[in-house]
Amino acid sequence: MLEETLESQTEHEPETKTWDVAVVGAGYVGVPLAHTLAASGRSVLLIDISADLVAALNRGESHITDVPSEDLAPLVREGRIRATTDYDDLRNADAILIALPTPLSKQREPDLSIVIGAVEEIGARLRNGHLVVLESTTYPRTTREVVLPILERTGLKAGRDFFLAFSPERVDPGNTTWTTRNVPKVVGGITPACTGRAAQFYEGAVDTVHRVSTPEAAELTKLLENIFRGVNIALVNELAQLCERMDIDVWEVIEAAATKPFGFMSFQPGPGLGGHCIPIDPFYLTWKAREYGFYTEFIELAGKVNENMPYHCRSLVSQALNHGRQRSLSGSKVLVLGVAYKADIGDTRESPAIKLIELLRTAGAELAYHDPFVPMLAEAGLESVALDPAAYDCVVIVTAHSQIDYADLVDKAQVVVDLRNATGAEGRRNEKVWTL
Ligand code: SAJ
């Protein structure tokens, strides 16, 4: 019933309907952004390339966990959100926000093709008064060197005829404390008028807007936030390898350092970096820095340390089997527990588990995995199996989902390699458990 109502209503919209804002990209950024804007009273057009996705959204069906369908449907029913594949509707929107993927190419270089395609579509509909804001994470000067020239090909001038700014997305999927509404929004425009127009747009939709002087400052702000994480994770990953040689418990050391109430922020060692941000963002900056004859050695070294972690973990599994089961990796049955890129979600993008499975297989091990959030891992050609620890020579905890009973796991397993400190201090004292 709801589906028919929603679909029939959106079909009978007046053709001249105008929109306060169009969000280009109905992904993990665009849908929460559309929801936040509509909830603050704006009329939102959500543009996406997928006709199926657009049809589902217009039925009030959300594919984004952070915006459940029951939150989306009323806004669609009231006509406050409409999805479309038609860029022509942009003409009737006052502001245009771009929330599209900025992946790396096979050569690990920035790939802006998706954003450029969208900007060209926007350029073909650009008109006086339009505000255009790029939200996708990218290298400094993208807005000025890539987006601006395409839009000014129309003869319209940024800061005079239309407004152009950068405002980094800061969506943390699954985070219910920090949301699109209450995370401060950094905004930097091509001209002061652009900054002012963009800031004015976001005010009222988000709690705090923080203005910076240029799009470059805003672009680099986002990269700093995420490179900061990658570099500090690399630090503790390097320490974990040193502590293994010095027979020091790195987890105990980090827990102790975290008692310092100021000047320290705790990061955890692990099997490597996954996700769509942290492993990727540093490459956007190091690539651009070379244009200025500058080599971000520190950032690149951190990337090397993090990328080496799956190899280090493979040798840890080999040692555990050797000393714990007098077996070599070859021919052993190994269960990987948790393959998502971080705990309590199902996203496997760039997950280190994929690399570790490949390395263990190459060493001759017979692999299976269990992950309650990931029924199938296409990259490894595997499906999640029941959790039966005793059936394997070794269980490797790669992602520590909170719903697993790790004490029970240690009881039942023959050998456990714990890459996330999931078994805690108890596990670290247990003969059967090997830790990073
Ligand atoms: N990781 C470690 N050790 C740590 C923290 C993370 O090995 O101490 C690993 C994770 O297992 C994962 C990868 O690093 O594989 C990335 O983890 P993350 O916690 O940084 O999570 P992401 O990739 O979802 O990062 C997002 C980012 N949000 C945005 O870019 C808008 C990041 O800025 C957030 O700080 C982060 O979420 C967060 O705090 O959850």
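Before the first click, one term: a polar contact is a pair of N or O atoms within 3.5 Å. Keep in mind too that this is a predicted model.

Start by selecting the ligand. The space it takes up is the largest pocket.

Now show the residues around the ligand: there are 18 of them, and those that come nearest are Asn226, Arg229, Gln268, Gly274 and Tyr341.

Next, pick out some side chains. Which distance separates an N or O atom in the side chain of asparagine 226 from an oxygen atom of the ligand? That one is 2.5 Å. Move on to arginine 420, where a side-chain N or O atom sits 3.1 Å from a ligand oxygen. Then click lysine 222: a polar atom of its side chain is 3.4 Å from an oxygen of the ligand. With the ligand still selected, consider its surface: alone it exposes 740 Å², and the protein buries 85% of that.

Last stop: colour everything by pLDDT. The protein averages 94, with 96% of the residues scoring at least 70. Now select residues 1-5, where pLDDT is below 50. This stretch has four contacts in the model beyond near neighbours in sequence.

Conventions. Residues numbered from 1 in each chain as written. Predicted model: local features only at pLDDT ≥ 70, side-chain atom pairs only at ≥ 80, totals over all residues. Heavy atoms only, no water. Near = heavy atom within 4 Å. Polar contact = N/O pair within 3.5 Å; in protein donor to acceptor, adjacent residues only side chain to side chain. Areas by Shrake-Rupley, 256 points an atom, 1.4 Å probe, with all protein chains shown as cover. 1 Å grid on protein atoms, 1.4 Å probe; cavity = no way out; pocket = protein on both sides within 12 Å on 5 of 7 lines; lining within 4 Å. Sits in = over half its atoms within 2 Å of the grid points. pLDDT = per-residue confidence, 0-100. Contact = heavy atoms within 4.5 Å.
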